[in-house]
Amino acid sequence: MRGASGSSPGRALLTWLGHGSFRLDSTEGVRIYVDPWLAGNPSCPEGEHDPERADVIVITHGHVDHVEDAIAVWEKHRPTVIAQLEVRHWLERQGVEPDMSLAPNKGGTVTASGVGFTYTDARHSSSTPDGAYAGEACGVVVELEHGATIYFAGDTCVFGDMTLIGRLYEPDLAVLPIGGHFTMDPTQAALALELLGVGRCVPCHYGTFPFLTGRPEQLSALARGVEVHALRPGETLEVAGGEWMPEEEEK
Ligand SMILES: [Zn+2]
């Protein structure tokens, strides 16, 4: 079962769970879920529907395809839950333990289990599954213990201030939505990579539904000089000191 695969000390492993959901195992073995949408996610491998453990959950915005499994995972494993202010307050109303220190907003950084999480701008809407106001959608920059920095753009169109994200955080890897319709398409994502000055990209938020038509091959053709890691759902990429390689093949 892929969900049962353990972390590897000293190596950071990024696993795409389909759509905008990721599992990130840090170099020190901290298991992080980004925007967990698992059981209801048509692209999420069955073995990933019920996490065996979770240390941190981080959420970019309140839409159902980014928060749906956060509460169930928290109830089962009691991870640290980091979310933008209004989203965190909504999660608290659903039962997550209140903690203002885990409810930052854009520009703020929270450190959990030795990993840094900084909220950035994103251009998108945000509301919770029950329709409550959820503040503004965000991106998140994750700084791992060994210094590698990953920018999860969340759901967004391209915007000029991505140059600021590039200057401030110098991401080693950008995780960008490319499906179009709700977010950037490959053409915009190629421009985003140029603005960010990033040489490596993991595309996501495509293929889940018929109208999310953007594909990694289109991005690869447009983003010259950028290594596009087109993971399959369940596939893992090693994130280690500028060395990147596919870790596992989907069985
Ligand atoms: Zn989404």
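**Figure 1. Lining of the largest cavity.** In the legends that follow, Ala, Val, Leu, Ile, Met, Phe, Trp, Tyr, Cys and Pro count as nonpolar, Asp, Glu, Lys and Arg as charged, and the others, Gly among them, as polar. The model shown is a predicted one. By class, 6 nonpolar, 5 polar and 2 charged residues make up the lining of the largest cavity. This cavity holds about 70 Å³ of space. Its lining consists of 13 residues, and those closest to the cavity centre are Gly20, Asp35, Gly154, Val175 and Cys204. The count of cavities of 30 Å³ or more comes to 2.

Figure 2. Four residues coordinate the zinc ion at 2.1 to 2.2 Å: Asp65 and Asp155 through OD, and His66 and His205 through NE2. The spacing of these donor residues in sequence is D-H-x88-D-x49-H. Asp65 belongs to helix 1 (residues 64–67), whereas Asp155 belongs to the loop between strand 9 (149–152) and helix 4 (162–169), so the pair ties together parts that are 90 residues apart in sequence. Both Asp65 and Asp155 are buried. The angles among the 4 donor atoms run from 91 to 166°, and the site is irregular. A tetrahedral site with four donors would need all angles to lie between 85 and 135 degrees.

**Figure 3. The nonpolar cores.** The largest nonpolar core contains 54 residues, of which Phe117, Tyr151 and Leu176 touch the most other members. Helix 5 (residues 186–196) supplies the largest share of this core, 5 residues. Another core, of 20 residues, lies apart from the largest one; Tyr33, Val67, Trp74 and Val96 are among its members.

**Figure 4. Asp25 in strand 2.** Asp25 is located in strand 2 (residues 22–25). Its relative accessibility is 2%, and Asp25 therefore counts as buried, since buried means under 20% relative accessible area. Along the chain, Asp25 and Arg11 are 14 residues apart, and their C-alpha atoms are separated by 8.0 Å.

**Figure 5. Gly166 in helix 4.** Gly166 is part of helix 4. Is this residue, Gly166, buried or exposed? With a relative accessible area of 11%, Gly166 is buried. Gly166 and Val64 are 102 residues apart in sequence, and the distance between them in space is 28 Å, C-alpha to C-alpha.

Technical notes
Residues are numbered from 1 along each chain as its sequence is written. This is a predicted model: local features need pLDDT of at least 70, side-chain atom pairs count only at pLDDT 80 or more; totals for chains, interfaces and linings use all residues. Side-chain values use heavy atoms; hydrogens and water are left out. A nonpolar core is a set of buried Ala, Val, Leu, Ile, Met, Phe, Trp, Tyr and Cys residues joined through side-chain atoms within 4.5 Å. Buried means under 20% relative accessible area, exposed over 50%, partly exposed in between (1.4 Å probe, protein chains only). Helices (H or I, at least four residues) and strands (E, at least two) are DSSP runs, numbered from the N terminus. On a 1 Å grid over the protein atoms alone, a cavity is a set of points where a 1.4 Å probe fits but cannot get out, and a pocket is an open set with protein on both sides within 12 Å along at least five of seven lines; lining residues have an atom within 4 Å of a point. Grid points are joined across faces, edges and corners, and a volume is the space filled by probe spheres set on the points. Donors are N, O and S atoms within 2.8 Å of the metal (3.2 Å for Na, K and Ca); water is not among the atoms, so sites may look incomplete. Four donors count as tetrahedral if all angles lie between 85 and 135 degrees; four count as square planar and six as octahedral if opposite donors are over 155 degrees apart and all others between 65 and 115; anything else is irregular.
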